[in-house]
Amino acid sequence: MAILSPSILSADYMHFAEDMAQVKKDGAKWLHVDIMDGHFVPNLSFGYSWVKAMRAVTDLVLDVHLMIDTPIKYAAEFCKAGADYLTIHVEADTPENIDKTLDEIRALGVKPGIVVKPKTPAEAIAPYLPKVDLVLVMTVEPGFGGQKFMADMMPKVKQLRSMLDAVNPGCHLEVDGGVDLTTGEICKENGADVLVAGSAFFGSADRADFCKRIEK
Ligand code: DX5
Ligand code: ZN
């Protein structure tokens with residue numbers, strides 16, 4: 001059993017609300033929202049007013065992935081905007097500020113998450129594992145949808161699942177980037193239980209079937 005988190009980055013922006021409603025009809029429970037600042041990653045996407053607008057029209061679990069520098073400056077705004085999970089990159093600030101940001105997110109009633117880029121080892125997030133509700137392993141370099149899945153991230157997924165089992169067994173382990181029905185299976189075998197899918201989900205001819213099969 002896994003959870004699909006469709007990435008709204010791959011939706012049709014002229015029909016955003018319809019796409020969100022359709023995601024729910026297709027059977028998904030989560031929605032992955034990629035926030036990019038043009039500094040931490042070489043791309044721009046949504047700000048917190050988008051999250052607020054999404055919150056107003058959906059009860060999907062909003063899984064907000066911050067790809068921004070110094071998330072401590074903006075985390076509270078995303079919490080207030082209505083994120084359910086708010087995930088920050090370990091590479092985006094000092095260890096002290098990362099720790100503080102995770103605490104702040106929790107204090108605002110939102111579930112904190114920590115992300116690692118492909119070149120960052122699992123050990124880099126070891127200190128935060130007991131205090132998060134979600135760990136995200138990037139299976140592409142963050143910044144763009146539609147990239148090729150990096151199968152060489154699977155040992156890291158496996159390692160993080162066993163590290164989590166020791167200190168925080170209820171924590172979700174999510175993968176993001178290049179996930180489709182085939183690569184999703186590999187991720188599940190290695191211990192991931194939340195699968196982000198952007199282009200594969202939105203490009204699928206039968207999204208309800210995609211959701212059913214990937215969550216199996
Ligand atoms: C990439 C983003 C992903 C992206 C995934 O930086 O974090 O969430 O939307 O898109 P696909 O599934 O197309 O790789
Ligand atoms: Zn993402």
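Select D209 first: this residue is partly exposed, with a relative accessible area of 26%. Buried means under 20% relative accessible area, exposed means over 50%, and partly exposed lies in between, using a 1.4 Å probe and protein chains only. This is a predicted model, in which local features need pLDDT of at least 70 and side-chain atom pairs count only at pLDDT 80 or more, while totals for chains, interfaces and linings use all residues. Residues are numbered from 1 along each chain as its sequence is written, chains are lettered from A and ligands numbered from 1 in the order in which they are written, and side-chain values use heavy atoms, with hydrogens and water left out.

**Salt bridges on helices**

A salt bridge here is a side-chain nitrogen of Lys or Arg within 4 Å of a carboxyl oxygen of Asp or Glu. Both residues sit in helix α8 (residues 207–215), 4 residues apart, about one turn of the helix. Helices (H or I, at least four residues) and strands (E, at least two) are DSSP runs, numbered from the N terminus. R213 is partly exposed, at 43% relative accessibility.

Next, select K188 and E185 in helix α6 (residues 181–189), which are 3 residues apart. Their salt bridge has its closest N and O atoms 3.3 Å apart. K188 is buried at 16%, whereas E185 is partly exposed at 37%.

Then move to D165 and R161, whose side chains meet in a salt bridge of 3.1 Å, N to O. They are 4 residues apart in helix α5, so about one helical turn separates them. D165 is partly exposed at 45%, and R161 is buried at 15%.

Finally, select D99, D103 and K131, which are linked in a network of salt bridges. How many salt bridges does a search of the whole structure find? The search finds 10.

**The zinc site**

Select ligand 2, the zinc ion, together with H32, D34, H65 and D176. H32 (NE2), D34 (OD), H65 (ND1) and D176 (OD) coordinate the ion at 2.0 to 2.3 Å. Donors are N, O and S atoms within 2.8 Å of the metal (3.2 Å for Na, K and Ca); water is not among the atoms, so sites may look incomplete. Along the chain, the donors follow the spacing H-x1-D-x30-H-x110-D. H32 lies in strand β2 (residues 30–36) and D176 in strand β7 (residues 172–176), so this pair ties together parts that are 144 residues apart in sequence. H32 is buried at 0%, and D176 is buried at 8%.

**T139**

Select T139, in the loop between β6 (134–138) and α5 (154–167). T139 is buried, at 0%. A polar atom of its side chain lies 2.7 Å from the backbone oxygen of G177. Leaving out residues up to four places away in sequence, T139 touches several residues, among them F149, V175 and D176; contact means heavy atoms within 4.5 Å.

**Cysteines**

How many disulfides does the structure hold? There are 0, a disulfide being a pair of cysteine sulfur atoms within 2.5 Å. The closest cysteine sulfur to that of C171 is in C187, 16 Å away, too far for a bond. C171 is buried at 2%.

Key
Polar contact = N/O pair within 3.5 Å; in protein donor to acceptor, adjacent residues only side chain to side chain.
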